[in-house]
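Here are some notes to read alongside the structure as you get to know it. Take them in order, and keep the view open while you do.

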Amino acid sequence: MLLNDTALIYGRYLRQSLRSRFALLFGVLTPLLYLLFFGPLLTHLPLGGTGSSWQVLVPGLLLQLGLFGALFAGFTVIIEKSQGVVERMRVTPVSRLALLLGRVLRDATVFVFQAVLLVLAALVMGLRAPLAGILIGFVFVALLTLSLASLSYALGMKVRTPQEFGPLINTVSMPSMLLSGLMLPMTLAPAWLDVLSHFVPFRYLVDAVRDAYVGHYAGAHMLYGALVAIGFTALAVTVGTRVFRTAGA
């Protein structure tokens with residue numbers, strides 16, 4: 001029953017996304033602009049790690065795609081509440097967990113698709129990375145999307161208006177981007193800032209994907225990144241499911 005309900009909700013929201021092709025492609029625009037206008041500036045700079053500047057920048061842009069896109073996913077729940085969609089779903093026998101999983105799996109599908117487009121553009125511009133590393137990067141994007149979208153939907157169920165939701169998300173997203181080393185490795189930062197960045201879980205995901213892009217699959221970065229990604233996803237889905245159940249979604 002859970003699988004059937006999840007597939008039903010997933011199909012509903014995926015069809016909505018496919019009908020809005022402009023929004024589907026527009027979502028990858030910001031990281032693509034970073035790739036086109038920021039990437040060439042790093043070509044001959046020492047970035048404090050192994051691999052080329054593209055192998056440093058592209059993993060960060062992939063996770064930036066998941067970070068910002070998934071965090072703002074909760075806006076749709078707020079809109080659905082105002083339109084009565086959530087109220088109508090309350091009277092159906094569909095599993096509350098399926099209502100969450102269908103949404104976040106749709107988001108993961110969309111952002112992995114956008115990540116593929118971003119990597120293809122990066123390959124044209126000069127990125128060289130092993131296929132296994134690229135695929136690992138897509139897995140991390142999917143896990144990051146599942147976790148952050150779950151929390152975003154949970155927050156969307158709690159707040160009443162987009163005006164409440166937006167500032168809360170910005171408060172989380174900007175420090176997360178700056179302290180996780182999405183643009184540049186945190187090893188370039190002063191010691192105090194590097195230490196502070198270790199309290200941001202996204203840092204471990206960025207380090208893991210950068211290792212994957214240079215072919216290092218068995219190091220500490222990969223281990224810590226995988227553990228943080230899986231643990232954070234499990235925690236976020238649990239929190240999101242509990243909110244959906246108590247809110248009667």
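Which side chain does the side chain of arginine 12 meet in a salt bridge?

1. The partner is glutamate 80, with N and O 4.0 Å apart. A salt bridge here is a side-chain nitrogen of Lys or Arg within 4 Å of a carboxyl oxygen of Asp or Glu. Arginine 12 lies in helix α1 (residues 2-19) and glutamate 80 in helix α5 (residues 75-83), so the bridge ties together parts that are 68 residues apart in sequence. Helices (H or I, at least four residues) and strands (E, at least two) are DSSP runs, numbered from the N terminus.

2. Before going on, please keep in mind that this is a predicted model, in which local features need pLDDT of at least 70, side-chain atom pairs count only at pLDDT 80 or more, and totals for chains, interfaces and linings use all residues. Residues are numbered from 1 along each chain as its sequence is written, and side-chain values use heavy atoms, with hydrogens and water left out.

3. How confident is the predictor? The mean pLDDT (the predictor's confidence in each residue, from 0 to 100) is 87, and 96% of the residues reach 70 or more. Confidence is lowest in helix α2 (residues 21-26), with a mean of 73, and highest in α8, at 94.

4. Back to glutamate 80, which also forms a salt bridge with arginine 103, their closest N and O atoms being 2.7 Å apart. Arginine 103 belongs to helix α7, so this pair links parts 23 residues apart in sequence. Both glutamate 80 and arginine 103 are buried, while arginine 12, at 29% relative accessibility, is partly exposed. Buried means under 20% relative accessible area, exposed over 50%, and partly exposed in between (1.4 Å probe, protein chains only).

5. Elsewhere, arginine 160 and glutamate 164 form a salt bridge with their closest N and O atoms 3.5 Å apart. Here arginine 160 is exposed at 69% relative accessibility, and glutamate 164 is partly exposed at 31%. By contrast, salt bridges that share partners join Arg12, Glu80 and Arg103 into one network. The structure holds 6 salt bridges.

6. For the overall picture, the protein has 12 helices and 0 strands. Its C-alpha trace spans about 60 × 35 × 35 Å along the principal axes, and 48% of its 249 residues count as buried.

7. Now look inside. Contact means heavy atoms within 4.5 Å; beyond its neighbours within four places in sequence, leucine 63 is in contact with residues including Phe140, Leu182 and Val209.

8. Serine 152 lies in helix α8 and is buried, with a relative accessible area of 2%. Leaving aside neighbours within four places in sequence, its contacts include Ala70, Phe72 and Phe165.

9. Finally, helix α12 (residues 220-246) reaches 39 Å from first C-alpha to last over its 27 residues, close to the expected 39 Å. That expectation is 1.5 Å times one less than the number of residues. Among the buried residues of α12 are Met222, Thr233 and Phe244. The cover over the buried residues of α12 includes α7 (96-125), α8 (131-158) and α11 (202-213).
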